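Come along while I look things up, one topic at a time.

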Amino acid sequence: MKSVKKKRKKSLNSNTSSSNYNDLDPAKLPSHVAVIMDGNGRWAKKRLLNRIQGHEKGSKTVRTIVRACREIGISYLTLYAFSTENWQRPQSEVLALMTLLKKFLESEKKEMLDNNIRLYAIGQIERLPENVRQTLHNVMALTKNNNGMTLNLALSYGGRAEIVKMVKEIAIKAKEGRMGPDSITPEIISEHLYTHQMPDPDLLIRTSGEMRISNFLLWQIAYSEIYITDTLWPDFGKDEFVRILKDYQQRERRFGKV
Ligand code: IPE
Ligand code: IPE
Ligand code: MG
């Protein structure tokens with residue numbers, strides 16, 4: 001008898017999981033989804049594992065959600081991976097996170113190339129360890145012409161530091177006489193932020209139930225729809241992500257109008 005074992009090809013276009021993308025209205029998809037990926041530590045603690053193991057499991061969720069976004073057709077996905085405040089964690093945890101980031105970039109490079117995903121990074125990239133920066137710049141350079149989706153990693157990112165950077169740049173231009181007070185507009189401010197070539201997030205998701213922004217994209221989320229789920233990031237998956245997108249599509253975005 002012939003073997004009926006089928007090779008299961010992991011294709012980005014296959015839609016065999018229970019998450020039903022077909023229920024999503026393609027005309028009402030968010031262009032930009034931003035995620036505060038929180039809860040790795042609590043996930044590990046619940047299982048009597050160490051925090052690093054939580055981060056490792058969390059990086060698998062990153063892969064799942066990047067794939068889902070690409071399949072669904074979301075143009076920009078910004079992931080809060082490491083904040084300016086996170087430098088204050090124990091050195092061993094910071095080092096483990098940096099090592100994991102490098103490993104993630106190396107392992108996902110091919111998938112990004114195969115699936116037309118551009119990698120971008122926002123934050124104080126200069127503060128990252130040299131070897132991580134090198135890998136990051138390498139993958140960014142390799143994928144810079146991809147236009148299927150932008151995966152935007154917030155690394156050593158802080159919203160206040162970003163605003164300080166923007167104000168300094170504008171102050172320098174003003175001092176040099178290249179810009180006057182009247183030329184400062186919301187558009188000019190946006191142009192001086194890390195996110196200058198992206199639309200503002202339409203949807204901001206935070207996992208693990210914390211009702212706070214934690215210094216993420218302070219200017220850009222002015223009119224983002226917010227969704228906070230109690231699910232810990234390592235437990236987060238495609239099905240819940242699709243449910244959140246459906247919830248988003250039910251919302252009426254009024255932008256202050258009636
Ligand atoms: C998110 O998980 C990952 C980073 C902030 C780098 P946490 O490490 O904050 O997990 P909790 O909040 O302690 O559960
Ligand atoms: C926010 O999570 C930063 C990232 C997800 C990278 P934190 O765990 O650092 O935030 P707080 O401490 O709960 O505000
Ligand atoms: Mg946390």
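My entries below go from the sheet to one helix and then to the salt bridges.

**Ground rules.** I am working with a predicted model, in which local features need pLDDT of at least 70 and side-chain atom pairs count only at pLDDT 80 or more, while totals for chains, interfaces and linings use all residues. Residues are numbered from 1 along each chain as its sequence is written, chains are lettered from A and ligands numbered from 1 in the order in which they are written, and side-chain values use heavy atoms, leaving out hydrogens and water.

**Entry 1: the sheet.** I asked in what order the strands lie in the sheet. The open sheet has 6 strands in the order β3-β4-β2-β1-β5-β6, with parallel pairing. The edge strands are β3 (117-122) and β6, each pairing on one side only. From one strand to the next, the twist averages 20 degrees. For my own reference, helices (H or I, at least four residues) and strands (E, at least two) are DSSP runs numbered from the N terminus. Two strands pair if DSSP finds at least two bridges between them. The angles run from 0 to 180 degrees between N-to-C directions, with axes as lines fitted to C-alpha atoms, for helices over the stretch in contact.

**Entry 2: around β1 and β5.** I began with β1 (residues 32-36), which is joined to β5 by 4 bridges and runs parallel to that strand. Here V35 stands opposite I205 in β5. β1 also pairs with β2 (residues 76-83) in the parallel sense, over 5 bridges, and H32 stands opposite Y76 there. Moving on to β6 (residues 225-228), I found 4 bridges joining this strand to β5, again parallel. I205 stands opposite Y227 in β6.

Which way do the residues of β5 point? In β5 (residues 203-206), L203 and I205 point one way and L204 and R206 the other, and all are buried. Buried means under 20% relative accessible area, exposed over 50%, and partly exposed in between (1.4 Å probe, protein chains only).

**Entry 3: helix α4.** I checked the length of α4 (residues 130-142): at 1.5 Å a residue its 13 residues should span 18 Å, and the end C-alpha atoms are 18 Å apart, so the two agree. The expected span is 1.5 Å times one less than the number of residues. Its buried residues are V132, T135, L136, V139 and M140. They cover an arc of only 130 degrees around the axis, so they sit on the same side of α4. That arc is taken from the directions from the helix axis to the C-beta atoms. Covering these residues are, among others, α3 (91-114), β3 and β4 (149-157), where contact means heavy atoms within 4.5 Å.

**Entry 4: salt bridges.** My rule is a side-chain nitrogen of Lys or Arg within 4 Å of a carboxyl oxygen of Asp or Glu, and the count comes to 21. I looked up E93 and R51, whose side chains meet at 2.8 Å, N to O. This pair links distant parts of the chain, with E93 in α3 and R51 in α2 (residues 51-72), 42 residues apart. E93 is buried at 5% relative accessibility, whereas R51 is partly exposed at 37%.

R251 and D247 meet at 3.0 Å, N to O. R254 forms a salt bridge with E252, with the closest N and O atoms 3.1 Å apart. R254 is partly exposed at 46%, and E252 counts as exposed at 54%. Last, I noted a network of salt bridges linking D38, R42, R206, E210 and R212.
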